[in-house]
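Biologist: I am new to this structure and would like to learn how to read its features one at a time. Could you take me through them with care?

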Amino acid sequence: MHNKKILNIGIDLGTSRSVIVCDNGIRQAIPSFIGYPKDAVSQKLIGGDVVYGEDAIKNRLSVHLYRPFDKGVLLQDKSDKNGEEHIKASEIARSLLRKLIAYAFEEEEDKNLLIRGVIGAPALASLNNKKDFLEIADGVLDDVMIASEPFCVAYGMNILTNALIIDIGAGTTDLCRMHGTIPGADDQITTFKAGDYVDKNFLELIEKKYKEANFTVNMIKRFKEENASISEQGEKLFIELPINGKPTSCDVTSELREACRAIVPDIVEGIRKLVATFDPEFQNDLKQNVILAGGGSRIIGLHKEIENYMKKTLGYGKVTRVEDSLYAGANGALMLCKDMPDEYWDELKTRK
Amino acid sequence: MGQLMNMIIKTSNYSVAAFEYAGLVSYSYAKRSGLALKSGISKMGPPIKRVTVTPLMYCGQKIGGIGKVFKRKNVIEERLLSIVEKLDSIDSRLANIENMGVSVAERPKLVKEKKPLNDGKKMLLKAIVSENILLRQPQEGMQ
């Protein structure tokens, strides 16, 4: 048995943002980006060999910028699953995790702790994808478990039965039906139409409307995160984009609405499938408990749009949004980590 | 001679009467002015007293108060000294205890006890552990 003090951590290594929540009160979210200086000048400029999160994005012209995850899982070579790119992505992700864990230790006097973590993975991540998360945590965490991200959200909210969780991230949108047991493959649907898909659509629509405008996906991503809406009501949205070098105010109200709406059909179709294949006696309970989580849940009017669709196709629907959308998955993972009895952790160790 | 004597006696009598009258008039003036002075002073007295004597009395009181404050400060200093002495004696006792091989006990830490889980949750957690055990198994039999 261990005599060390235990630090429990809930971890969400997301495509766009990586989040940790610790039982010592620390919680931190950083963009999942890492930058390595291009040369000695940029190394001096950034003041080190590596730069993380917002700093990496800010200095993107002077660093090689990497994002280790794509569509919720670690980057992979198209031909070889364990190719060079995959190995590099694994190293970068481990470095990112180390950075996050360092935040957890910032206010800890005792540095000799036993670190336990639960990492959220996309609902239908393959066994290999989940193994990648274990590899990333190897040498960074003392004990680690992997759990489905939407399941973590449900566990954190203590809604373990008759609920449908929709976790809209950057890379994937996970739908998960909860019925009092660990959700299986039939209970979960993953679509790749999520935040990144909205960004891509938004970029194309602006390019089409303002052909001379000069902008990057990062510029419109931030604007989207602050203003995303599919509501018909609301004020006009203007973004300042350089046209021939001159900042020009561009009306992007309808473009942003259209881009955000692009993810709705897959979500509602997923809801329909999961409700229709559920036990008929409990279908009404499921329809009453649709919960939106993840960064995408902040799109204004999305829950109403889904409710309207559910009313049309399923007769009834009640959709609610989690309050702390960014941290909901990591919060649940932390609760899971804390609730896990010591003997279960030990059992896992003996099987290593 | 007889007439001269009468004239001298009459003259002296008149002189005495004149003196007596002058004395009475002077007395009368003196008495009147004295009364006037008395009534004036009796009217002026209280305001003058208020203006002059009361501040002096107040100053007197304050001077007495300052004295008290100085006295109190001395009391505080005495108390502080006694506390310092007590702390010194505790320090020396602790040093003595440590020299004798007895160490000071660490501050007790709050032990975070896990809340008891119901059977349903235990089953769920057990299922997650089983999944994770499966993840750790070698490549053989994987998806």
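Modeller: Gladly, and please keep in mind throughout that this is a predicted model. Chain A is divided into domain 1, covering 33–66, and domain 2, covering 195–261, and the C-alpha centres of these two domains of chain A lie 27 Å apart.

Biologist: How should I read a sheet, and what is the order of the strands in the open sheet of chain A?

Modeller: In general, strands of a sheet pair through backbone hydrogen bonds, either parallel or antiparallel. Here the open sheet has three strands in the order 5-4-6 in chain A, with antiparallel pairing, and its edge strands, each pairing on one side only, are strand 5 (51–52) and strand 6 (63–66) of chain A. Strand 4 (residues 34–37) of chain A pairs with strand 5 of chain A over two bridges in the antiparallel sense, and A:Ile34 has A:Tyr52, in strand 5, as its bridge partner.

Biologist: Which helix packs on the sheet?

Modeller: Helix 3 (residues 84–105) of chain A does, touching strand 4, strand 5 and strand 6 of chain A, and its direction makes about 105 degrees with that of strand 4.

Note on methods. Residues are numbered from 1 along each chain as its sequence is written. Chains are lettered from A and ligands numbered from 1 in the order in which they are written. This is a predicted model: local features need pLDDT of at least 70, side-chain atom pairs count only at pLDDT 80 or more; totals for chains, interfaces and linings use all residues. Two strands pair if DSSP finds at least two bridges between them. Helices (H or I, at least four residues) and strands (E, at least two) are DSSP runs, numbered from the N terminus. Two residues are in contact if their C-beta atoms, placed from the backbone, lie within 7 Å. Axes are lines fitted to C-alpha atoms, for helices over the stretch in contact, and angles run from 0 to 180 degrees between N-to-C directions. Domain bounds come from an automatic or database domain assignment.
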